[in-house]
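Work through the two exercises below. Try each task before you read its solution.

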There are 2 protein chains.
Amino acid sequence: MAVGLKENTDLLPIKGLKLAACSAGIYKKQRPDLALIACELGTTVAAVFTRNIFCAAPVTVAKKHLDNDSPSFLLINAGNANAGLGKAGYDAAIETCNYLANLCGCKKEAILPFSTGVIGEPLPVDKICNAIPGLLEQLSEDNWLDVNRAILTTDTVTKTISRQVTIGNQQISFTGIAKGSGMIRPDMATMLAFIGTDASVNTDILNEILMHAVNRSFNRISVDGDTSTNDACILMATGKSGIPVIDSLNSDTAVEFREAITDICVYLAQAIVRDGEGATKFVTLDIRNGFDTEECLKVAAAIAHSPLVKTALFASDPNWGRILAAIGRAGLENPDIRKIAIYIDNVCIIEHGELSPDYTESEGKAIFQKEEITITVDLNCGTESQQFWTCDFSYDYVRINAEYRT
Amino acid sequence: MAVGLKENTDLLPIKGLKLAACSAGIYKKQRPDLALIACELGTTVAAVFTRNIFCAAPVTVAKKHLDNDSPSFLLINAGNANAGLGKAGYDAAIETCNYLANLCGCKKEAILPFSTGVIGEPLPVDKICNAIPGLLEQLSEDNWLDVNRAILTTDTVTKTISRQVTIGNQQISFTGIAKGSGMIRPDMATMLAFIGTDASVNTDILNEILMHAVNRSFNRISVDGDTSTNDACILMATGKSGIPVIDSLNSDTAVEFREAITDICVYLAQAIVRDGEGATKFVTLDIRNGFDTEECLKVAAAIAHSPLVKTALFASDPNWGRILAAIGRAGLENPDIRKIAIYIDNVCIIEHGELSPDYTESEGKAIFQKEEITITVDLNCGTESQQFWTCDFSYDYVRINAEYRT
C-alpha cells in the first residue's frame, strides 16, 4: 500500500490537451494499457529522458522526433518497455508512429512514443495499432485519470495533481500524472510523468524550467537505486490561458511559473516513493549545512541506497549505526566527523560525531514506528541544504521483483 | 546456507602464531565471542582497514598502534562493534589493550584490538578483561578454527583456508580465516580476515603485497553495497620457515609469495559472498575487454549492487533486461552499446548491444536455476578484463537485517 498517498481523482482539464486510454491487450489480463495525448497546435513541449545508455527504442525515437517537429500526439503503452531489442525495437516504435500519423495526416515526427514494462519482449505493434482508431474517437479533456491508470505497472495507485495558480493576475491550470514504483533512482527520470498547463511558454524556457524542476524532484528520489531504461518527464504548455508568452526567466511570472512546476514535480516524485515497491515507510532525508549541493546529495544517496538502513526502517528498528556507516562511506571530500549531527524527526541521536547522551532507544523506537520519518544530517561544514526522499525495503520488494515476470 | 562452501576444518598451524578463543559473555547467548592471537617476536604484520570515515574505535586504535610498535597480540571480539561511541569507545578499546599489556609486560601499543557486531552499544570492557587470563593460558598453534568461530556474526559457516606452497625450494605454510556476511561492499575491507604465514617478509613489502591481494579480492565483492565501519584484513609473517627475508618485489620468490597471498584472499573473499546474508546464488561477474580496470569494476559494481538483478537471481528468472539496465547506468565514459555482448555461463544473450537471435528463454532459465552462475560482459572497447563476485537478494536478507537487533 502506498504510504500516506490517497488517489486524487479530481483533476483539472487543461485546454488544448485531449486524452484517451483503453485496454489494447498488451497485458495478458484485461486492464488499461494504452494511452494517447493530443496536443493542440501551438503547444510547446519540454522533455527530460533517462540517461541510461541502454535507453529504450521509444526514448531514442521521441528524442529524435522532438528535434524535428512540434509534437501533436504522445502515444504511451504499459506492459512492454520496448527496450533491449536493437533495430527491431526501433522499427516497432516507428511503425506505431507511422500508423497514427497516416490516420491523422500528420508527419510521424509529430508523434512521441513512450513505453514502460518488461524489457526484452517484442512490442505488440498490431495490438497497439488496432487500438489507435478507438483512442482517437475517445479523446477528451477529462481523461487524465484514465491515462494515468493505463500507464501504471507495479504501481498500486495513480499519482496525480492539479493546481490553479494565479500568475501575473491570470489563473493558470496545471495537471500532472506519473507512474513509477520500482527501478527508481535519480538520474533523470526513472519513471514516466506527463504534466500539462495552459500557460504559454517558449520551448527553450520550458525546457530550462523542466530541468530545474526535475533536478529538485525526480532526481532526488530512490526506491532501489536502479535507473530505468525508459523513463521520461514531459511538460506540455498549450498557451490557452491567455497570459502573455513566457520567453525569458527574468520575470516574476517566469519565476512563479517555475515554482509551480517544481512543486508539482516534487509532489509527483514523492508520490512515486510513497508507492515504492513494497514500501511501508516514507522517509525525508534533510541534509543540512553541506559544502555544496553535490556533497549534500552524496550523503543523501548513500543513506537512501543502503539496504541495511532500508531494512532497519522496515523493521521499525532505530539502528542508527547503519545511518552512520552510510554517511561514512558517502565519499565526503574533507570529512570532520566531530562536526556531524544526526536527528530523527526532532530527536538528536548523534552530536559532534558521537552518540548524544540524551538519546534513548525508546525515543528512537517511537519515531521509527511512524509511517513518515525525517532523517536530518547536519554536516556543519557549509551553508548548503538539500532534501531527498526514499522508502524502506520490505519482504514485498523481494516478492514483487522475484515474481515480476511470472 | 552458504552456497557451495563447506567448512574446512583441517588447518595448518603457523609456527610463531598461537591462538585462543572463548565465550566472554558479550553475546547474550553462550557462544565463542572473544579471541586472541599471539605473534612471536620478529613477526611482521601488514594491515588494511575500512575507509569508512566513521570507522570504529578499534580501527583507530589499531592503526595508531601499528604506527608505533610491532604487534605482539591481536585481541578480537564479536557481538559488539565498538563503533559510533566517540571518546568512550576509544577509551574502552585502550582499556582492553592496557589490561592485556599489563598482564604480559608489553606496551599497550603492541596490542591491536578488533571488534565486530552491533554498532552503538558500549563495549563490555569488564567481560573482555575477565576472559583474557583464560585466553592467555589456552594459546596454541592449533586454534585457528576456534578463533574463526569466535569472530562470526551473521555468518553461517567459518571461512578458512590452508596452503603449503613451495617457494624457492622452501615449503611455506599459510592459514587464513575470515568473517563477514552483511554490510559487505568493496572499499577495503568490509569484513575481518586474519592470515598467517611462516614466510619472512619485510613490513613495507608485506603491506604492498597485502594491498595488491586485497584489491583483487576483498575489494571485489558485494553482498549489499554497504561498507562497514569496523573491518580489517591482517597478514602476519612469522619468518619461521627458514626462507630468506623477502625485502623487495623484484624476485621470483616475492612474486610467487604475492600470488599465494592473492589466491588465499580471493578464496576468503569468495567465501564471504557464498555465505552472504540470505544468499542462495554465487555469481561471478567477468567483465572483459574494458578500457581500463576502473571501467571494468564500474560495470561489475553496477550489476553487483542492483537489487533488481539480485532479486531476479533469487527467483531464478533470467531477466537480462535488468543486467542491461545496470550496465547502462554504470557511467561508462565513451559507451558504444553496439559493441557490448552479455553471456550467462556460455550462452550469449546480447550481442552488438541487442538480443541475440539464438537466445532462448528456456536456455536462460536452465542457467539461472543453477547455484553458481557466471555473467560475462564483453565491452569490446579495450584489453582489460576483471572479475568481481556477488550473491542474490532473498527474503532472508530482509529477515536477517530486519531482525538483527531483536
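**Exercise 1.** Find out how covered strand E2 of chain A is, and which strands pair with E2(A).

*Solution.* 
Step 1. Strand E2 spans residues 34-39 of chain A and is mostly covered, with six of its six residues buried. Buried means that 20 or more other C-beta atoms, placed from the backbone, lie within 10 Å of the residue's own. Strands are DSSP runs of at least two residues, numbered from the N terminus.

This is a predicted model: local features need pLDDT of at least 70, side-chain atom pairs count only at pLDDT 80 or more, and totals for chains, interfaces and linings use all residues. Residues are numbered from 1 along each chain as its sequence is written, and chains are lettered from A and ligands numbered from 1 in the order in which they are written.

Step 2. Sort the side chains. Leu34(A), Leu36(A) and Ala38(A) point one way; Ala35(A), Ile37(A) and Cys39(A) point the other way.

Step 3. Look for partners. Pairing takes at least two DSSP bridges between two strands. Strand E1 (residues 17-22) of chain A runs antiparallel to E2(A), with six bridges. Here Leu34(A) has Cys22(A) opposite.

Step 4. Strand E4 (residues 73-78) of chain A is also antiparallel to E2(A), joined by five bridges. Phe73(A) is the bridge partner of Ala38(A).

Key: Buried ≥ 20, exposed ≤ 12 C-beta atoms within 10 Å, placed from the backbone. Helix = DSSP H or I, 4+ residues; strand = E, 2+ residues; numbered from the N terminus.
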